[in-house]
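The questions below go through one predicted model.

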Amino acid sequence: MAGTAVLGRLKPLTWRVASVADIHEETPRTRTLVLDVEDWEPHRPGQHVDIRLTAEDGYQAERSYSIGSAPRHGAFDLTVERIDDGEVSPYLVDEVRRGDSFEIRGPVGGYFVWEPHQGGPLLLLAGGSGVVPLMSMLRVRPPEVAARLVYSSRTLDDVIYRDELETFGDTVVLTLTREERSGVRTGRVDDELLRQVGFGPNENPRIYICGPTGFVEAVASTLVKLGHAPERVHTERFGPTGR
Amino acid sequence: MLDGNVGAGRLGEVFALELTSARGRCAGCGAEAQIAEARAFVEAPGLVLRCASCDNALVVLVRTDNRYVLGMSGLAWLELRG
């Protein structure tokens, strides 16, 4: 019913409590938190949540983290990478324990979102932990939608979701930037790699790029140079919060 | 450097319709883009979104204990989907 949908949107967005139901180590620097939230509605793949931590003296820190899981009721998974001088990520990666809780706001975001009804082909490009929201998309992609994930990681040990990514076969193309390993590509995501493994502009793929700013801007401009329409290219940058 | 995607939660407290997927025109240089494509600054007292083409401040949102202060003079228009 249309009226119901409008009322749903008009519910004010506020902070609510998420509790840690489970924790999985992904890499030495990242882990996945399984978070339970009362009345949580399934998110849209690509969306994120904001997390707010409050210190005893009232100081608050707020950061955004992408949802990596496929949409489901009542819970979602965040995969967080530790930023060594960060205010929030060291707590989430090193300190938080099962049963702990903190405040979240979300799910939010409507631009960096892909849902199966939008169709494909789907071209996903990840730099480091930028793979997290793209994984949510890949996990809901129906087999009839052609997709490719090009994932740039510093080393093989830094690859998040490695075991699961292997089950996707040729859909996933991994490239390492700081290490050489037999059987794995090395080097940056450049025009040569994109010509080889990306879809061509004539196939009109929907493109989603997520990673550090430098990665996102280099890959986006390369794709536009290769002839992809800028409006098909969706970007999400992460990095230092200020300046 | 962050982009406008990071503002979705803060803006979602104020707007009924999703704002980062809205399309706007910069009142400074005339560039048209989605709000998510702006540059975002969150360590200022509030959220500041700047035009990716000319750096003009498009949206400023400051939250205090009991009110929101919103400035949008940097936007000539905004098209929201709903």
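Q: Does A:Phe76 count as buried or exposed, and at what relative accessibility?
A: This is a predicted model, in which local features need pLDDT of at least 70, side-chain atom pairs count only at pLDDT 80 or more, and totals for chains, interfaces and linings use all residues. Residues are numbered from 1 along each chain as its sequence is written, chains are lettered from A and ligands numbered from 1 in the order in which they are written, and side-chain values use heavy atoms, with hydrogens and water left out. Buried means under 20% relative accessible area, exposed over 50%, and partly exposed in between (1.4 Å probe, protein chains only). A:Phe76 therefore counts as buried, at a relative accessibility of 0%.

Q: How many aromatic pairs does a search of the whole structure find?
A: Rings of Phe, Tyr and Trp (its six-membered ring) pair if their centres lie within 6.5 Å; planes under 30 degrees apart count as stacked, over 60 as edge-to-face and the rest as tilted. Over all chains, the search gives 2 aromatic pairs.

Q: Is the pair of A:Trp40 and A:Phe76 stacked or edge-to-face?
A: A:Trp40 sits in the loop between strand E2 (30-36) and E3 of chain A, and A:Phe76 in strand E5 (residues 75-81), 36 residues apart. Strands (E, at least two residues) and helices (H or I, at least four) are DSSP runs, numbered from the N terminus. A:Trp40 is buried, with a relative accessible area of 2%. The ring centres are 4.2 Å apart and the planes at 25 degrees, so the pair is stacked.

Q: What kind of pair do the rings of A:Phe112 and A:Tyr208 form?
A: A:Phe112 is in the loop between E6 and strand E7 (122-127) of chain A, while A:Tyr208 is in strand E11 (residues 206-212), 96 residues apart. A:Phe112 counts as buried at 1% relative accessibility, and A:Tyr208 counts as buried at 1%. Their centres are 5.4 Å apart and their planes at 85 degrees, so the pair is edge-to-face.

Q: Which residue forms a salt bridge with A:Glu217?
A: A salt bridge is a side-chain nitrogen of Lys or Arg within 4 Å of a carboxyl oxygen of Asp or Glu. A:Glu217 lies in helix H6 and its partner in strand E12 of chain A, so the pair ties together parts that are 20 residues apart in sequence. A:Glu217 counts as partly exposed at 32% relative accessibility. With the closest N and O atoms 3.0 Å apart, the partner is A:Arg237.

Q: What area do chain A and chain B bury between them?
A: Contact means heavy atoms within 4.5 Å; 26 residues of chain A are in contact with 23 residues of chain B. Buried area is the accessible area (1.4 Å probe) that two parts lose on being put together, summed over both. Of this area, 48% is on carbon and sulfur atoms, and the value is about 2000 Å².

Q: How many salt bridges does the rule find across the interface of chain A and chain B?
A: Side chains of opposite charge can pair when their charged atoms come close. A:Arg105 forms a salt bridge with B:Glu13, with the closest N and O atoms 2.7 Å apart. Salt bridges that share partners join A:Asp50, A:Glu62, A:Arg105, B:Arg10, B:Glu13 and B:Arg63 into one network. Across the interface, the count is 4 salt bridges.
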